[in-house]
Amino acid sequence: MTGTALPQSKTPRSILFMCGMNAIRSPMAEALAKAALPKGTYVASAGVRQGERDPFVDVVLAEVGLTIGRHQPRTLDELEDDYFDIIVTLAPEAHHVALELTRSMAVDVVYWPTPDPTVATGTREQIVAAYRAVRDHLAALITSRLAAEQVRRKEA
């Protein structure tokens, strides 16, 4: 599956969020998903390339009472587990890599186009606003496409 919707056949119990460097979008999505999904759902994140931790992620997550803790950006090769029910890609580069890696695997790959806030310029407040927009975008997607699916399954 390569669209933006989740497959209707099953509720994911393990989710991997992927972006370019696992520094902004995917760790943000991981923190948001861990807060929104049932405790038994395994959530991880990784990047295609090695990255550096971005302090603006801590700022905007703290605003909503979340943290990525001691998270350090990691690549796919550094993941402890390599099986996931669904891989959610947040950048074109990550999507292409995920499709290539899962060509012979029974895993759903879903693409959620998510802007890169590092391209924002201007004052600190303008830059933080770009990170907030990414946080809010990801939170809305997680709530509508992952958490809502969990609720629908429980009610069925």
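I looked up the largest pocket first, in what is a predicted model, and noted a volume of about 240 Å³ for this pocket. Its lining is made up of 13 residues, and those closest to the pocket centre are Leu 76, Leu 79, Asp 82, Leu 101 and Met 105. When I sorted the lining of the largest pocket by class, I had nine nonpolar residues, one polar residue and three charged residues.

I then turned to the second largest pocket, for which I wrote down a volume of about 160 Å³. Among the residues that line this second pocket I listed Pro 27, Glu 30, Ala 31, Lys 34 and Ala 35, together with Leu 66, Thr 67, Ile 68, His 71 and Arg 74. By class, the lining of the second largest pocket divides into five nonpolar, two polar and three charged residues.

Next I looked up how helix α1 (residues 25-36) lies against helix α2 (residues 55-62), and found that their axes come within 10 Å and cross at roughly 25 degrees. Angles under 35 degrees count as roughly parallel, and α1 and α2 are therefore roughly parallel to each other. I also recorded that α1 passes α2 in a right-handed crossing. On the α1 side the contact is made by Met 28, Ala 31 and Leu 32, and on the α2 side by Val 57, Val 60 and Leu 61. I classed the residues of this contact as six nonpolar, with no polar and no charged residues.

Which residue of the α1 contact with α2 also lines the second largest pocket? I checked both entries and found Ala 31 in the contact and in the pocket lining.

Notes:
Residues numbered from 1 in each chain as written. Predicted model: local features only at pLDDT ≥ 70, side-chain atom pairs only at ≥ 80, totals over all residues. Heavy atoms only, no water. Axes fitted to C-alpha atoms, helices over the stretch in contact; angles between N-to-C directions. Helix = DSSP H or I, 4+ residues; strand = E, 2+ residues; numbered from the N terminus. Parallel < 35°, antiparallel > 145°, perpendicular 65-115°, else oblique. Left-handed = near helix turned anticlockwise from the far one by under 90°. Contact = heavy atoms within 4.5 Å. Nonpolar A, V, L, I, M, F, W, Y, C, P; charged D, E, K, R; others polar. 1 Å grid on protein atoms, 1.4 Å probe; cavity = no way out; pocket = protein on both sides within 12 Å on 5 of 7 lines; lining within 4 Å. Points joined across faces, edges and corners; volume = space filled by probe spheres on them.
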